[in-house]
Amino acid sequence: MWYHKPTINEELLQSLPNLKVVASAGVGIDHLDLKLLSSYGVKVSNTPFIVSTDTADLGMALMLASSRRLVEGHEMAVSPDTEYFPADWLGTEVSGATLGIVGMGVIGYKVAERAKAFEMKILYHNRNQRKKEEENAVGAVYCKKIDDLLQQSDFVLLAVNLTPQTHKLIGKRELELMKPTATLINISRGLVVDQDALVEALQNKVIKAAALDVTYPEPLPRDHPLLKLKNVIITPHIGSATKETRWVMMEEMAESIEAGLAGLPIPREVL
């Protein structure tokens, strides 16, 4: 499967009685009905680890691009109407700011490693607290309650899996807890955020900005209000989109398929 295609439903499974394995690109499995696949004896694999470095890099890129208003700056620099660069056109400093990471898995931790180099204060919220030595290595402080993280952070970065528990995890209430100077960065899944509430928060300056690699749907309808806001950066779900990573993803998917066909243990099997 690539970009969640083809759709794996009962009709397809019934038409493929000899199907043994579904190899899905990327880390997310929210597009798969694991119980249905299991009932047909079909195993599932994904590529969870290879995507983490590139996705963490993109999270930092979105934070920097948003804080320094790179997209607006580029438009100004190349506009045929620009006659001078205004001296009061300013961004927001990242170094020394507070970064709140929601979801401290492999990707979230790699973001923390990068943020440490920017001398950021790092808070994180996770289902489980990391080991002390892991926290100390990046200078991260655990917030048992997400509310504490939201209230203190200058940048809130979402790196959680999409589950029933994280569906619209960030809604109107959570956005109102954030600082009016804060930026929301989403590199997880679009449905982790209540998009209507986000639009309202951005329009009413409840938060300062958003930088999104994911939305719902993808792409957004061309008349969607998010596309009209200057305080929003949207990229086309490119967290893992480098030549090097996509090549390894293909190799890992092929390994899983070969193992499944040979009746061997499947690398990176989703249980």
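1. First, the ground rules. This is a predicted model, in which local features need pLDDT of at least 70 and side-chain atom pairs count only at pLDDT 80 or more, while totals for chains, interfaces and linings use all residues. Residues are numbered from 1 along each chain as its sequence is written, and side-chain values use heavy atoms, with hydrogens and water left out.

2. UniProt, in an unreviewed entry, lists residues 2-270 as "D-isomer specific 2-hydroxyacid dehydrogenase catalytic".

3. For residues 60-239 the values are 32% helix and 16% strand, and the end C-alpha atoms are 11 Å apart. Helices (H or I, at least four residues) and strands (E, at least two) are DSSP runs, numbered from the N terminus.

4. Three strands make an open sheet with mixed pairing, in the order β1-β2-β10. Its edge strands, β1 (21-23) and β10 (269-270), each pair on one side only. Strands β1 and β2 (residues 43-45) run parallel and are joined by three bridges; two strands pair if DSSP finds at least two bridges between them. Within this pair, valine 22 stands opposite valine 44.

5. The second largest pocket has a volume of about 400 Å³. Among its 22 lining residues, Glu72, Ala209, Lys230, Asn231 and Val232 are the closest to its centre. Helices α3 (52-67) and α4 (70-78) and strand β9 (232-234) are the elements that each give two or more residues to the lining. A pocket, on a 1 Å grid over the protein atoms alone, is an open set of points where a 1.4 Å probe fits, with protein on both sides within 12 Å along at least five of seven lines; lining residues have an atom within 4 Å of a point. The volume is the space filled by probe spheres set on the points, which are joined across faces, edges and corners.

6. Asparagine 126 sits in the loop between β4 (121-125) and α6 (132-138). Its side chain reaches the backbone nitrogen of methionine 104 at 2.9 Å. Leaving aside residues up to four places away in sequence, asparagine 126 touches Gly103, Met104, Gly105 and Tyr142 (contact means heavy atoms within 4.5 Å).

7. Most residues other than glycine have a negative phi, and most peptide bonds are trans. Tyrosine 3 has a positive phi of about 55 degrees. The bond from lysine 5 to proline 6 is cis, as is the one joining glutamate 218 and proline 219, with omega about -5 degrees.

Definitions and conventions: UniProt positions are given in the numbering used here, feature names are shortened, and annotations may be inferred rather than shown by experiment. A polar contact is a pair of N or O atoms within 3.5 Å; within protein, one must be able to donate a hydrogen and the other to accept it, and residues adjacent in sequence count only if both atoms are side-chain atoms.
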